[in-house]
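Please read it with the structure open.

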Amino acid sequence: MTSKNNSSYRIDFGLILILMLLCLVSCISIYSAQTTGQYKDNFLLKQIVWWVVGAGIVGTVMTLDSDQLKKISWYAYGLGIALLGFLIVAPSGIAPVINGAKSWYTFPAVGSLQPSEVVKVFIILALARVITDHHPKYRIKTIQTDLWLLVKIGAVTFLPLMLVMQQPDLGTSLVFIAIMIGMIFISGITWKLLLPIFGGGITLIAGIFYLVLWHPDLLEKYLGVKQYQFGRIYSWIDPYNYQGTTGFQLTRSLLAIGSGETSGKGYGTREVYLPESHTDFIFSIVGEEFGFIGASVLISLFFLLIYHITKVGMETKNDFYTYICVGVISMITFHVFQNIGMTIGLLPITGIPLPFVSYGGSSLMGSMLAISLIFSIRYHYKKYMFSNSD
């Protein structure tokens, strides 16, 4: 058999190309946003610096094989819990409250860093380790063994989830849940156990939405929830009735994307003012300046990215690698779907950035750390010509 295991073959150039195109879209969009936004900072330069740092992260993590990733998985998870836990008790000089949330550490000359962005990746590693270690111990599957695996997966996710909810940060909490659900589906747990659990969860969510929309007084009476706390849901359902307050961002985003029509207004010719358009609403810039065509190209890049990671996960015969791929796919897919969905009114606004495109060092570091795991998988698994075995 002829091995294709030299270094140049093991480097995933296809994934590099996709990232370069996303980097280009990010830089073009951020530069346009900063010329018409309310800030004077050079966000483009900062984003380029973070891309360089992210490339360094990829180059470092790519050298770690599956055994090394397994060994550090619990250490990384423990570090993430420590960072999230200290954030709650840290003084305001280190962890200030920004926009009502205590989610960032501030460092001189570096700026703000949000630990929950990298904790997403640490959770992926920990869950992959849990599932991988579980199956050899329980080769005979029963409802009890599957339930025990489900409990372990839930426990690993629950602790950082509760810490993030304390900040509070609903958007990141939803990402944690999306990662957990994706990895549960691929973990081999029987559908006899999953169907009633997820069916009950969907019913509960539907019931809560019903009460919020039609009987908010019951939630206020029995749970102490104030009606004003449902502002984002009300402004999502009827944004134009709240366009002076909580619906302002959404109505401006819809106007920007809609006015771009098929081919857009042209680069740098934005007419709709949209605050924070360089971060969570970066897709609105693409829609206004490049229209339906430009937005479709960007979405296609994300489809290619997800397809590429899926292909990597299916080619490797290492279960630990496969679970990592599923976790990364769940994380990126939820980010893309939620971010684009909220800018076009399909989903409520949660403050989740568009991966690799929105401005933000923490978000980009989290995304690059996740994608570095894919580079590591691609770099270390062996593939042979004329053979199906790795």
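1. H5 and helix H7 (residues 170-186) pack with their axes 10 Å apart, at an angle of about 20°. Axes are lines fitted to C-alpha atoms, for helices over the stretch in contact, and angles run from 0 to 180 degrees between N-to-C directions. The two helices are therefore roughly parallel to each other (angles under 35 degrees). Helices here are DSSP runs (H or I, at least four residues), numbered from the N terminus.

2. This is a predicted model, in which local features need pLDDT of at least 70 and side-chain atom pairs count only at pLDDT 80 or more, while totals for chains, interfaces and linings use all residues. Residues are numbered from 1 along each chain as its sequence is written, and side-chain values use heavy atoms, with hydrogens and water left out.

3. The crossing of H5 and H7 is right-handed (the near helix is turned clockwise from the far one by less than a right angle). On the H5 side the contact (heavy atoms within 4.5 Å) includes Ser116, Lys120, Ile124 and Ile131; on the H7 side, Thr172, Phe176 and Met183 are among the residues.

4. Helix H5 (residues 115-137) also packs with helix H14 (residues 361-380), at an angle of about 25° and with axes 7 Å apart. That makes H5 roughly parallel to H14. The crossing of H5 and H14 is right-handed.

5. Which residues of H5 meet H14? They are Glu117, Val118, Val121, Phe122 and Leu125. Their partners in H14 are Ser362, Ser363, Gly366, Leu369, Ala370 and Leu373.

Terms used: Parallel < 35°, antiparallel > 145°, perpendicular 65-115°, else oblique.
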